[in-house]
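Work through the exercises below with the model open. Each task is followed by a stepwise solution.

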Amino acid sequence: MSKSAQVFVFFVVVVPFVALGLAVWLWLSRGLDSFYLWLFLGRYLATGFGITVGFHRLFTHRSFETTKVIRFLLAVLGSMSVQGPIIQWVAAHRRHHEHSDKEGDPHSPNLHAKGLWGFLGGLWHAHTGWLFTFPAQKYQRYANDLVKDRMINRISRLFPLWVVLGLVIPAAIGGLVSSTWQGVGLGFLWGGLVGVFFVHHVTWSVNSVCHLWGTRPHETTDKSRNNPIFAPLAWGEGAHNTHHAFPQSARHGFRWWEFDSSYLIIKLLAYLKLAWDIKLPRQATPPN
């Protein structure tokens, strides 16, 4: 990875963390209008589903089909989560499935030295560290179908625009609702940077936590696990062992504690005749 790319990743990781500290300090010292918490929640859900329903289940695994408009919206919302251009994201995830917890996996926590320091090093690498070493161009061959898709290719190349819009829109909403510059700042802080922080770390926890802690209801060749905490927090993605057992399944959570909100969105789209060809392996359904 180039030095300029590493600097960008550094700011993407550090700035939202600093913003969270500032947001909490302002909340404790001055209080906070609940509107900004709703603005944060709206961003958390919108960009989170952009990643899980869009980047992951639709574009990476083709778990269902949908209209061109929905494809566009999901690709843009996922880009606003600031996790990289869609083609790079999809390529890295397909690479992960090809080499899961083996040499070549971009973000396995299980390929490091034994002992406490090796464990912590693997956890850091899987959660965040890999972002500083992942060579964006090397794995684009894993997403050649998206490279050839004119709309998705253009959305991917316009990644900086979606990042800016993802921060400007909540700031503008905060300003319009409050009619103050303070509202602009709080909208930018809560609906922008704090939202980025939480979506980042919940998503990254699927890479790290869900390859270390949880249950393994399915036999797979890797160490993926279903984590009951991150199943709901990560929009259903925390049922990670089930996902690795059935990668193309549009549904990841099959038990009551594996709440899969992303699958509910896909079902809603299907009800509205906006999604079809939904892949759902019969084998993944728990016995009655």
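This is a predicted model: local features need pLDDT of at least 70, side-chain atom pairs count only at pLDDT 80 or more; totals for chains, interfaces and linings use all residues.

**Exercise 1.** List what surrounds histidine 56 beyond four places in sequence, and find its side-chain polar contact with histidine 93.

*Solution.* 
- Step 1. Set aside the neighbours within four places in sequence; histidine 56 then contacts Ile51, His61, Trp89, His93, Glu237, His243 and His252.
- Step 2. The side chains of histidine 56 and histidine 93 are joined by a polar contact of 2.8 Å.

**Exercise 2.** Classify the ring pair of phenylalanine 40 and tryptophan 190.

*Solution.* 
- Step 1. The whole structure holds 13 aromatic pairs.
- Step 2. In this one, phenylalanine 40 and tryptophan 190 lie 6.5 Å centre to centre, with 80 degrees between the planes. The pair is edge-to-face.
- Step 3. Phenylalanine 40 belongs to helix 2 and tryptophan 190 to helix 9 (residues 181-208), 150 residues apart.
- Step 4. Both phenylalanine 40 and tryptophan 190 are buried.

**Exercise 3.** Why is the pair of phenylalanine 40 and phenylalanine 198 edge-to-face?

*Solution.* 
- Step 1. The ring centres of phenylalanine 40 and phenylalanine 198 are 5.4 Å apart.
- Step 2. Their planes meet at 70 degrees, so the pair is edge-to-face; the class needs over 60.
- Step 3. Phenylalanine 198 lies in helix 9, 158 residues from phenylalanine 40.
- Step 4. Phenylalanine 40 is buried at 16% relative accessible area, while phenylalanine 198 is partly exposed at 32%.

Conventions:
Residues are numbered from 1 along each chain as its sequence is written. Side-chain values use heavy atoms; hydrogens and water are left out. A polar contact is a pair of N or O atoms within 3.5 Å; within protein, one must be able to donate a hydrogen and the other to accept it, and residues adjacent in sequence count only if both atoms are side-chain atoms. Contact means heavy atoms within 4.5 Å. Rings of Phe, Tyr and Trp (its six-membered ring) pair if their centres lie within 6.5 Å; planes under 30 degrees apart count as stacked, over 60 as edge-to-face and the rest as tilted. Helices (H or I, at least four residues) and strands (E, at least two) are DSSP runs, numbered from the N terminus. Buried means under 20% relative accessible area, exposed over 50%, partly exposed in between (1.4 Å probe, protein chains only).
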